[in-house]
Amino acid sequence: MRNFASPRVYLPALALLVLALLPLFIKNPYNLHILAIILFWAYLASAWNIVGGFAGQLSLGHGVYVATGAYVSSMLFANTGLSPWIGMFIGGAAAALLGFIVGYPTLRLKGAYYALATVGFAEGFRVILISTEKIGSWDTGGAQGFLVPLMGNAPQYMQFMSKVPYYYIALALVLMIIGFCVWIDRSKLGYYLTALREDEDAALALGINTARTKLIAATLSAFFTGVGGVYYAQLIRYLEPSAISGPMMSNQIVFLAIVGGKGSVLGPAIGGVLLTVVGEITRIFFGQVMGLHLFLYGLIVVLFVIFKPRGVIEFCENAYGRLLRLLGEGGEKRGREDAGVKESDH
C-alpha cells in the first residue's frame with residue numbers, strides 16, 4: 001500500500017490537484033482555449049512517442065492519423081448523428097487500421113527510408129483529402145474543408161458553450177496516454193520496443209519478432225493519434241485538409257516529442273507543453289511574422305539534438321531528484337524512475 005506521506009506520492013497528487021483546479025482561477029475563454037490546445041499537443045506528442053520514441057521509428061506523417069480520426073468521426077456525426085464520444089473509438093479504430101496498412105510494408109524499411117515513406121504517404125493523403133469532395137453521398141468539403149455541425153451546448157455531442165469542459169477532456173486524454181505509456185514502459189512489449197530501438201539486429205538475434213513489434217507500436221500510436229483527431233474536430237469545429245494532415249501538423253508533433261525527450265514516459269508531454277507555450281508567446285509578440293514559431297521550433301530542436309539529445313526530461317528528472325532529496329526521500333535515480341526513463345536511455 002502506498003505511503004501517502006511519501007513525496008513520491010503527494011508531489012504527483014499535488015500536481016494533479018493544481019491542474020484540476022486551474023479552470024477555477026482562469027476565467028478568460030481564450031486562455032482556457034490555449035490551455036486545452038497545449039494539452040492537446042502534449043497528448044499528440046505522447047501518442048507519437050509510442051512508435052517514434054519507444055520503438056525508435058521516425059514517423060513524419062502522423063498528421064494523417066489526426067485527420068483520419070477527425071474526418072471519420074465528424075462525417076459520421078454530420079450524416080448519421082453519431083455522437084463524437086462514440087466516434088472517438090471509431091475514429092481511433094479507423095486510424096489504427098490505416099496505421100496497420102501503412103506500417104505493414106513501410107516498417108520493413110530502416111532509418112531515413114521509413115521516414116521518407118511516411119512523408120510520401122502523408123502528402124498523398126493530403127492531396128486526396130483536397131481533391132475529394134464527396135464519398136458517396138457524404139460531403140467531405142474538399143479543398144474548402146469540412147465544417148463540423150454546430151449543436152450549441154450539447155454535452156452528448158461533445159460540444160459546450162464553455163471552454164472548461166474541453167480543458168478537462170484534454171487533461172483526461174493526457175492522463176490516459178501517460179498511463180498507457182507507463183504500462184508500455186513496464187510491460188514485455190516495452191522491453192521489446194527498447195531492445196529494437198537500441199539495436200534491431202541484436203533484438204532479432206534474441207528472438208524478438210521486430211517486424212510484429214514495430215507494427216503493434218505503429219497501430220497503437222495511430223489509434224491514440226486518431227482519438228486526438230476526434231477531440232481536435234470538436235474543439236476547432238473546422239477541418240482544413242492541409243492544416244490537419246499536412247507537414248506542419250506532422251512535423252510539430254515530432255518536434256515536441258524530440259525536445260521533450262522521446263523514449264521517456266513524460267518527456268513528450270513536457271515538450272508539448274513547453275514548445276506550445278513558446279509558440280503562443282511568439283504569436284502574441286511576433287504574430288505579423290508568419291511561420292516564426294516553426295523557425296524557433298526548428299532552432300530549439302537543433303540545439304537540443306546537438307547539446308541535450310535526451311531532451312528537457314533530463315533537466316526535469318534532475319530537478320525532481322534534487323527535490324526528492326530535499327524532502328528526505330530518494331535521489332536522481334528515483335527521479336529518473338518516476339519520469340519513466342530507463343537506464344538504457346543514457
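Leucine 44 is found in helix α2 (helices are DSSP runs of H or I with at least four residues, strands are E runs of at least two, and both are numbered from the N terminus). The model is predicted, with local features requiring pLDDT of at least 70 and side-chain atom pairs counted only at pLDDT 80 or more, whereas totals for chains, interfaces and linings use all residues. Residues are numbered from 1 along each chain as its sequence is written, and side-chain values rest on heavy atoms, with hydrogens and water left out.

With a relative accessible area of 0%, leucine 44 is buried (buried means under 20% relative accessible area, exposed over 50% and partly exposed in between, for a 1.4 Å probe and protein chains only).

Alanine 42 counts as buried, at 1% relative accessibility. Not counting residues up to four places away in sequence, alanine 42 touches Val174, Pro268, Ala269, Gly272 and Val273. Between alanine 42 and asparagine 153, which are 111 residues apart in sequence, the C-alpha to C-alpha distance is 26 Å.

Helix α7 (residues 188–198) and helix α9 (residues 210–236) have axes that come within 10 Å and cross at roughly 110 degrees. Axes are lines fitted to C-alpha atoms, for helices over the stretch in contact, and angles between N-to-C directions run from 0 to 180 degrees. α7 and α9 are therefore roughly perpendicular to each other (65 to 115 degrees; angles under 35 count as roughly parallel, over 145 as roughly antiparallel and the rest as oblique). The crossing of α7 and α9 is left-handed, a term used if the near helix is turned anticlockwise from the far one by less than a right angle, with clockwise giving right-handed. Leu189, Tyr192, Leu193 and Leu196 of α7 make the contact with Thr210, Thr213, Lys214, Ile216, Ala217 and Leu220 of α9. By class, this contact of α7 with α9 comprises seven nonpolar, two polar and one charged residues (Ala, Val, Leu, Ile, Met, Phe, Trp, Tyr, Cys and Pro count as nonpolar, Asp, Glu, Lys and Arg as charged, and the others, Gly among them, as polar).

Threonine 210 lies in helix α9 and, at 6% relative accessibility, counts as buried. Its contacts, leaving aside neighbours within four places in sequence, are Leu196, Glu200, Ala203 and Leu204.

The axes of helix α4 (residues 84–106) and α9 come within 7 Å and cross at roughly 140 degrees. α4 passes α9 in a right-handed crossing. The contact of α4 with α9 has 14 nonpolar and eight polar residues, and no charged residues.

Overall, the chain has 15 helices and four strands. A compact globule of 346 residues would have a radius of gyration near 20 Å, and the chain agrees with 20 Å (taken over C-alpha atoms, the rule being 2.2 Å times the number of residues to the power 0.38). The C-alpha trace spans about 60 × 55 × 45 Å along its principal axes. Of the 346 residues, 50% count as buried. Among contacts between residues at least 6 apart in sequence, 74% join residues at least 24 apart.

Methods
Contact means heavy atoms within 4.5 Å.
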